[in-house]
Amino acid sequence: MEMTTIALPKELKDRIRSFGMMGENYSDVILRLLEGARERRLQDFLMSSEDCVSVEDALAEARRKWPG
């Protein structure tokens, strides 16, 4: 993997370091944080009530469309 240097304010570098676990380098920490953020984004999407209807409303709509 090609490596690069990223300039960060010292305060941000210290904040990243504070999330590190024993033996992790900055790349490890950032990758772990990004994976957690991706999982949270997916969870937020799946748990969102936006554009959702209640089970009761869905059943009422189904009964209206398909009586019997």
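## Close-up views of a predicted model

**View 1. The largest pocket holds about 430 Å³ of space.** A pocket is an open set of points on a 1 Å grid over the protein atoms alone, with protein on both sides within 12 Å along at least five of seven lines. Lining residues have an atom within 4 Å of a point. The volume is the space filled by probe spheres set on the points, which are joined across faces, edges and corners. Of the 13 lining residues, Thr4, Ile6, Tyr26, Ser27 and Ile30 are the closest to the centre of the pocket. The lining divides into eight nonpolar, three polar and two charged residues. Here Ala, Val, Leu, Ile, Met, Phe, Trp, Tyr, Cys and Pro count as nonpolar, Asp, Glu, Lys and Arg as charged, and the others, Gly among them, as polar. Helices H1 (10–18) and H2 each supply at least two lining residues. H2 gives the largest share, four residues.

This is a predicted model: local features need pLDDT of at least 70, side-chain atom pairs count only at pLDDT 80 or more, and totals for chains, interfaces and linings use all residues. Residues are numbered from 1 along each chain as its sequence is written, and side-chain values use heavy atoms, with hydrogens and water left out.

**View 2. Asn25 caps the N-terminal end of H2.** A side-chain oxygen of Asn25 lies 3.0 Å from the backbone nitrogen of Ser27. Helices are DSSP runs (H or I, at least four residues), numbered from the N terminus. H2 covers residues 26–47, and its 22 residues should span 32 Å at 1.5 Å a residue. That expected span is 1.5 Å times one less than the number of residues. The end C-alpha atoms of H2 are 31 Å apart, which agrees.

**View 3. Arg32 forms a salt bridge with Glu24.** A salt bridge is a side-chain nitrogen of Lys or Arg within 4 Å of a carboxyl oxygen of Asp or Glu. By this rule the count is six. The closest N and O atoms of Arg32 and Glu24 are 2.7 Å apart. Arg32 is partly exposed at 31% relative accessibility, and Glu24 is partly exposed at 24%. Buried means under 20% relative accessible area, exposed over 50%, and partly exposed in between (1.4 Å probe, protein chains only).

View 4. Glu61 is partly exposed at 32%, whereas Arg64 is exposed at 57%.

How values were computed. A polar contact is a pair of N or O atoms within 3.5 Å; within protein, one must be able to donate a hydrogen and the other to accept it, and residues adjacent in sequence count only if both atoms are side-chain atoms. On a 1 Å grid over the protein atoms alone, a cavity is a set of points where a 1.4 Å probe fits but cannot get out, and a pocket is an open set with protein on both sides within 12 Å along at least five of seven lines; lining residues have an atom within 4 Å of a point.
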